[in-house]
Amino acid sequence: MISSLSTHRKTIQGTLPASSKFVQNRSESSKLAIAVGSGFVKVYDGCDFYKLRSLVTEAIPVTGNGSPKQLRVEISNSKLSSKFAVGENLESSTALQSLKDGLKGEWCAPLALAVLAYMAPVGLELFNVRLVCSLPTPNMAPKLAPLKGLHDVEVNGRRVTVNVTDIKPLPEALGTAYYLAGDLATAVVDLGYQNTTVAAFDPSVSQMIDVLSLKTGVGSLFEAIADLVNETGERPSAEEVRLGVETRTFELNGYSGVSFKEAYWRCFEPWLKARVNDAKTQAGHIFGKCPNKFFAGGGSQLPGVAEVAKKIGVGICPEPQEIEVRGLYRL
């Protein structure tokens, strides 16, 4: 399990182990940066980073007690009141939902509350937080508005009241561009699950140059692979393909023995070429101002991306999921 917040820590004597901490002044609001993506929810508190798979079911699993990779959540006394499970190992649920299916707006706020409650220091009953949030599109801002205020949240049996005192929305991928910029204007092509986002930051004037959200992301690659693998009339899901890519086995579900390696390499080059062409066509005015350029987002870690990046003189963002919220936290 992740450790608790690093700022203003103090041990609660007599009630918790010596390693358990809490925010010293309970009236203070702790700053957290959060990004709710179609692939993962990511959060950073200035010390600890945590990510959780964005797979949700309202049919709470019967077995298991939850874990850092699977949260069982109940939100009450809130506009967002609901019960659900989110994370990994939920594939047996018939009601499993993925945020890539247009459900990000519905689930972004409840999932944010879930990870905020999980990040709350052990023993703290009221967790006051100020949020810096990544937004894939401006129309997502109203979806986050219900987060502001008090919410009673139970996560894996632990209860805490989360009080969101302030929400600062920022464009998706801006945090990554800011973090990587250094002394030079920097553009990032964020290969997300549902969209490809181009964002740029100029440190000489401390301003964002521009941000564009382009349709189509990594999910379309997995869907194309699934279409090719559908030789028996039983088409695999994009999630089965994703697991095989992440484990680098190129087998459905990671270790099923059913290989899709040939299909991956047939689909990969056309997919990435199309993403690069879209970025050049629609964001040429951004790249012309930026001597530094990077691939970022979860898609930047796909097999084959590093080789293409080297050929075209583009860098690869290290630890892209974490860098995104680290940059948001600094803004």
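The legends below describe close-up views of a predicted model.

In this predicted model, local features are given where pLDDT is at least 70 and side-chain atom pairs count only at pLDDT 80 or more, whereas totals for chains, interfaces and linings use all residues. Residues are numbered from 1 along each chain as its sequence is written, and side-chain values use heavy atoms, with hydrogens and water left out.

**View 1. Packing of helix H4 (residues 218-229) against helix H5 (residues 238-246).**
The axes of H4 and H5 are 8 Å apart and the two helices pack at an angle of about 105 degrees, where axes are lines fitted to C-alpha atoms, for helices over the stretch in contact, and angles run from 0 to 180 degrees between N-to-C directions. H4 and H5 are therefore roughly perpendicular to each other (65 to 115 degrees, with angles under 35 counted as roughly parallel, over 145 as roughly antiparallel and the rest as oblique). From H4, the contact (heavy atoms within 4.5 Å) takes in Phe 222, Glu 223, Ile 225 and Ala 226, and from H5 it takes in Ala 238, Val 241, Arg 242 and Val 245. By class, six residues of the contact of H4 with H5 are nonpolar, none is polar and two are charged (Ala, Val, Leu, Ile, Met, Phe, Trp, Tyr, Cys and Pro count as nonpolar, Asp, Glu, Lys and Arg as charged, and the others, Gly among them, as polar). Helices (H or I, at least four residues) and strands (E, at least two) are DSSP runs, numbered from the N terminus.

**View 2. Helix H3 and helix H8 (residues 320-330), with Thr 176 of H3.**
The axes of H3 and H8 cross at roughly 80 degrees and come within 7 Å, which makes H3 roughly perpendicular to H8. On the H3 side, Gly 175, Thr 176, Tyr 178 and Tyr 179 meet Ile 323, Glu 324, Arg 326, Gly 327, Leu 328 and Arg 330 of H8. The residues of this contact of H3 with H8 comprise four nonpolar, three polar and three charged. Thr 176 belongs to H3 (residues 174-181) and is buried, with a relative accessible area of 1% (buried means under 20% relative accessible area, exposed over 50% and partly exposed in between, with a 1.4 Å probe and protein chains only). Apart from its neighbours within four places in sequence, Thr 176 is in contact with Val 188, Ala 296, Cys 317, Ile 323 and Glu 324.

**View 3. Ser 206 and Phe 250, two loop residues with positive phi.**
Most residues other than glycine have a negative phi. Ser 206, in the loop between strand E14 (195-202) and strand E15 (207-215), has a positive phi near 55 degrees and counts as exposed at 56% relative accessibility. Phe 250, in the loop between H5 and helix H6 (261-287), has a positive phi of about 55 degrees but is buried, with a relative accessible area of 7%.

On a 1 Å grid over the protein atoms alone, a pocket is an open set of points with protein on both sides within 12 Å along at least five of seven lines, a cavity is a set where a 1.4 Å probe fits but cannot get out, and lining residues have an atom within 4 Å of a point. Grid points are joined across faces, edges and corners, and a volume is the space filled by probe spheres set on the points. Among the 42 residues that line the largest pocket, Phe 40, Lys 51, Glu 246, Gly 298 and Gln 321 are the closest to its centre. Two or more lining residues come from each of E3, strand E4 (40-44), strand E5 (49-53), strand E13 (186-191), H4, H5 and H8, and E5 gives the largest share, five residues. The lining of the largest pocket divides into 16 nonpolar, twelve polar and 14 charged residues.

**View 4. The largest cavity.**
A search of the whole structure finds two cavities of 30 Å³ or more, and the largest cavity holds about 60 Å³ of space. Its lining includes Ile 34, Cys 108, Cys 133, Pro 136 and Met 140, and strand E3 (30-36) and strand E10 (126-135) each supply at least two of the lining residues. Nine residues of this lining are nonpolar, one is polar and none is charged.
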